[in-house]
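Please keep the model open while reading.

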Amino acid sequence: MGKDLYMAILDDLQELYDNGWDASFVYKEQDCAILPNSVHDIVVIIGDKEYQVSSFNDLISLKIGDNTLINIMDGIEVQYY
């Protein structure tokens with residue numbers, strides 16, 4: 001992943017975190033979502049698995065299997081709303 005793309009994903013996640021936006025995307029044919037209930041309660045859904053994080057740093061470093069959330073989001077179209 002190029003540094004610019006990494007920074008773009010970080011910027012998007014920071015906006016999501018700061019503004020309480022939801023995000024949805026498809027990863028390995030699974031519906032996925034990032035749902036911030038508050039800055040200390042963020043739910044990440046990857047297929048049928050649910051992860052709970054309590055800070056921005058936890059969000060950007062979240063391990064999903066052998067990957068991080070940022071690596072998963074690399075090259076995937078993400079809808080923010």
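Strands E2 and E3 run antiparallel and are joined by six bridges; two strands count as paired if DSSP finds at least two bridges between them. Helices (H or I, at least four residues) and strands (E, at least two) are DSSP runs, numbered from the N terminus. The model is predicted, so local features need pLDDT of at least 70 and side-chain atom pairs count only at pLDDT 80 or more, while totals for chains, interfaces and linings use all residues. Residues are numbered from 1 along each chain as its sequence is written, and side-chain values use heavy atoms, with hydrogens and water left out.

**Overall fold**

- The protein chain has three helices and seven strands, and their order along the sequence is α-β-β-β-β-α-β-β-α-β.
- The radius of gyration is 11 Å, close to the 12 Å that the globule rule gives for 81 residues, so the chain is as compact as a globular protein of that length. The radius is taken over C-alpha atoms, and the rule is 2.2 Å times the number of residues to the power 0.38.
- Along the principal axes, the C-alpha atoms fill a box of roughly 30 × 30 × 25 Å.
- Of the 81 residues, 33% count as buried. Buried means under 20% relative accessible area, exposed over 50%, and partly exposed in between (1.4 Å probe, protein chains only).
- Among contacts with a separation of 6 or more, 40% come from residues 24 or more positions apart. A contact means heavy atoms within 4.5 Å.

**The sheet**

- Five strands make an open, antiparallel sheet in the order E4-E3-E2-E1-E7.
- Strand E4 (49-53) and strand E7 (79-80) are the edges; each has a single partner strand, so one side of each is left without a neighbour in the sheet.
- Helix H1 (residues 3-19) packs on the sheet and touches strand E1 (23-27), strand E2 (30-38), E3 and E7; the direction of H1 makes about 50° with that of E2. Axes here are lines fitted to C-alpha atoms, for helices over the stretch in contact, and angles run from 0 to 180 degrees between N-to-C directions.

- E3 (residues 41-46) and E4 are antiparallel, with five bridges between them. Val43 has Gln52 of E4 as its bridge partner, and Ile42 has Val53 of E4.
- The hairpin of E3 and E4 has two residues between the strands, and Gly47 there takes a positive phi near 60°.
- E2 and E3 also form a hairpin, with two residues between them. Ser38 has Asp41 of E3 as its bridge partner.
- E1 and E2 pair in the antiparallel sense over five bridges. Val26 stands opposite Asp31 of E2, and Ala23 has Ile34 of E2 as its bridge partner.
- In the hairpin of E1 and E2, with two residues between the strands, Lys28 takes a positive phi near 50°.
- E1 and E7 run antiparallel and are joined by two bridges; Ser24 stands opposite Gln79 in E7.

**Faces of strand E1**

- In a regular strand the side chains alternate between the two faces of the sheet.
- In E1, the covered face carries Ala23, Phe25 and Tyr27, and the uncovered face carries Ser24 and Val26.

**Side chains in the helices**

- One aromatic pair is counted; rings of Phe, Tyr and Trp (its six-membered ring) pair if their centres lie within 6.5 Å, and planes under 30 degrees apart count as stacked, over 60 as edge-to-face and the rest as tilted.
- The pair is Tyr17 with Phe56, and it is tilted, at 5.5 Å centre to centre with 55° between the planes.
- Tyr17 lies in helix H1 and Phe56 in helix H2 (residues 56-60), so the pair ties together parts that are 39 residues apart in sequence.
- Tyr17 counts as buried at 15% relative accessibility, and Phe56 is buried with a relative accessible area of 15%.
- Met7 is placed in helix H1 and counts as partly exposed at 36% relative accessibility.
- Met7 and Val53 are 46 residues apart in sequence and 21 Å apart in space, C-alpha to C-alpha.
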